[in-house]
Amino acid sequence: MIVKDDTDLWFISYHRQEGGGGGGGGGGGGSQTRLQLGMFTVYPAYAVVSPGNQAVVQVDCLPDAISKGDEDLAIEITDRDPADQPQGIPYKLLAEACIPSINLTDLGAIFEEHRVVKNLSVFLNSHHLELGGGGVFGEDENRFIFGHVLVGRKAKARFKISNIQKVVCDVVINCKMASSKPSSKLQDIFEVDPPRASIPAHGHVYATVTFSPPSMQTYVGSFEVQVEGLTGPQAKSRMLCFEVQGEGNLPRVAITKPALKNKKGVPLLLFSRILLGRSQTLPLCLKNDGTLPSKVTKTTSPLDNIPVLFKDETMEMLLEEEDVADLSGRPKSNEGKEKEKEGKRDREHKKGTSTGQAAAAAAAAAAAAEALEKEKAEEEMKKKKEIQIETPRPAKTKVIETEPEPPHTVMEESSRVIDLRVSANADYCKFKCKTESVHFRDTLMFQTRVFVFQLTNKGSLQLPFNWQVVMEDEGPGQRKSVSFADGDQMRLPSRASTASAAEEFPFTIEPDVGSIPSGKKQNFTIKFSPLDVRDYEARLICRIPNLEEGKQGPVLSVRAKSVMPYCHFELEDSDYITGSRRNPELKGPGVLHPVLPWTLIPE
């Protein structure tokens, strides 16, 4: 505040205007130099301004709690016109005190680029993480896990940090390894960018965590976002903290057949005795039992006397995929048979020695047999298939090369023409739902009302559906929802809470996931089971894939109101009637007919 004059010498003072806000003292006289008005302090409270000069008045705002300040100030100037503002020149001071804080409850906004599930264990039992795909956050574990990451590669995940207050919020972002032994190498596994940020009012920034696994193991860290300027319990209650987990992986392919292995654990393909010029075929089975797609190159190194008939190829193997290749061996000479006969003659010669040397002869024969088996194994090792695993390509493709047909002669009049009929159906999913809104009657707490509606599949394809409940009456920035997973997975509420979904969401729908055959109808049941007294409003959103462009699944508006009963008894169900503990021929109290089977009997 600046007061300036160009003519005469003025005496200026300030005081609280009558009817203004609370707090403070007055002042334009005596030795008082400061004027206290609630959370505001004005100084100097009075001053003398000489002609052609100016005076600067300082106003400090120092709140001690979250509140709003509204104060009226009056400026008095000596010898001014008393008819102009006789109560003093009014001046208003306004301020609002806020504590900087960030979003901690809306998980959908924090992990908007990732998937949010209720429980990670349930999700991972029925889903596979993808290479380079987005991460998954589990609410029960308060943990974020990266997708599959190759050793030596990097994966990035972005988290949205939002300022929910009206003041600028300065934050410090870090991700620490959960290890008792600090190491400079471990600190490079999880990197955060930026480490500090200044978020404007109602603005946001993205924090990027880079995961770089140096080896095949699981790494766990702690991601923290702290608000600067806060201390003690206030700082902990406004800090965003959750675990981050990543695992380094490499492609892996196992040989399931042949099961026979040598002493070094290398699989062996042992061909039986066959005539010269003929061949024998043995299967070689590969299986991708790892967690990543794998690129496999198959080659053979044939011997001079036993060529292996097999065509080299390179293929892409997806998760849990198996491949069976046939290897044919066709010997050109009986070199192996001659060696076996020679070994047999040596054994027979050793058997013909004297009885005094029987033990030594038996040992020599066993050694010769072992040497022959070893020689065979070495020859078979030369014929084994070489498996080379490379880094998988982004595209999940399988390359299959067809072997050429063996030499043959086509007999006359031995061929015939076979007609193959091929049909396909390509269409969009189509549906019909007449229900658009549901308004339940007033319902007592701990009771349940039911509404049934119908969804019709009007298309020629199977219609999959997935329902989601979105509560509309939670206030701004506090919208809650419960979603249901694809397929047969159980429902996964998308919010951080230890309570069950039934306690948090009074609306449920059954069935929540599934599919409707072509031309069929499906009945859905909406249940309203309130546990509190209030008005409820929600939307039921049905997600249907493969719809025409611009169309979306059915959306139902649901409204209900719960009321409190005069008295509620929580009693166990009695089997007094259903368990035939009561004589069915007895009449009911006050009626002429027997008691109905569905009558409730408290005990």
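A residue is called buried under 20% relative accessible area, exposed over 50% and partly exposed in between, computed with a 1.4 Å probe and protein chains only. On that scale Trp-467 is buried because its relative accessible area is 0%. The structure is a predicted model, in which local features need pLDDT of at least 70, side-chain atom pairs count only at pLDDT 80 or more, and totals for chains, interfaces and linings use all residues. Residues are numbered from 1 along each chain as its sequence is written, and side-chain values use heavy atoms, with hydrogens and water left out.

**Aromatic pairs**

Rings of Phe, Tyr and Trp (for Trp the six-membered ring) pair if their centres lie within 6.5 Å; planes under 30 degrees apart count as stacked, over 60 as edge-to-face and the rest as tilted. By this rule there are 23 aromatic pairs. Phe-453 and Trp-467 make an edge-to-face pair, with 5.8 Å centre to centre and 85° between the planes. Phe-453 belongs to strand S31 (residues 449–457) and Trp-467 to strand S32 (residues 463–471), 14 residues apart; strands (E, at least two residues) and helices (H or I, at least four) are DSSP runs, numbered from the N terminus. Phe-453 is buried, at a relative accessible area of 3%.

Trp-467 also forms an edge-to-face pair with Phe-524, at 5.5 Å centre to centre and 70° between the planes. Phe-524 is in strand S37 (residues 521–528) and Trp-467 in S32, so this pair ties together parts 57 residues apart in sequence. Both Trp-467 and Phe-524 are buried.

**Nonpolar core**

A nonpolar core is a set of buried Ala, Val, Leu, Ile, Met, Phe, Trp, Tyr and Cys residues joined through side-chain atoms within 4.5 Å. The largest one has 35 residues, and Phe-111, Phe-144, Val-171, Phe-190, Phe-223 and Phe-242 touch the most other members. Elements that each supply at least two residues include helix H1 (107–110), strand S14 (155–162) and strand S15 (169–177). S15 gives the largest share, 5 residues. One aromatic cluster includes Phe-111, Phe-144, Phe-190, Phe-223 and Phe-242.

**Charged side chains**

A salt bridge is a side-chain nitrogen of Lys or Arg within 4 Å of a carboxyl oxygen of Asp or Glu. The whole structure contains 12 salt bridges. Some of them are tabulated here.

| Salt bridge | N to O distance |
|---|---|
| Lys-166 and Glu-96 | 3.4 Å |
| Arg-158 and Glu-113 | 2.6 Å |
| Glu-228 and Arg-196 | 2.0 Å |

Glu-228 lies in the loop between S19 and helix H4 (232–237) and Arg-196 in strand S17, so their pair ties together parts 32 residues apart in sequence. Glu-228 is partly exposed, at 32% relative accessibility. Lys-166 counts as exposed at 52% relative accessibility, whereas Glu-96 is partly exposed at 37%.

Arg-158 is partly exposed, at 35% relative accessibility, and so is Glu-113, at 38%. The charged end of Arg-158 also sits over the ring of Tyr-206, 4.1 Å from its centre; this term requires NZ of Lys or CZ of Arg within 6 Å of the ring centre and within 35 degrees of the ring normal. Arg-34 lies over the face of Tyr-43, at 4.2 Å from the ring centre.
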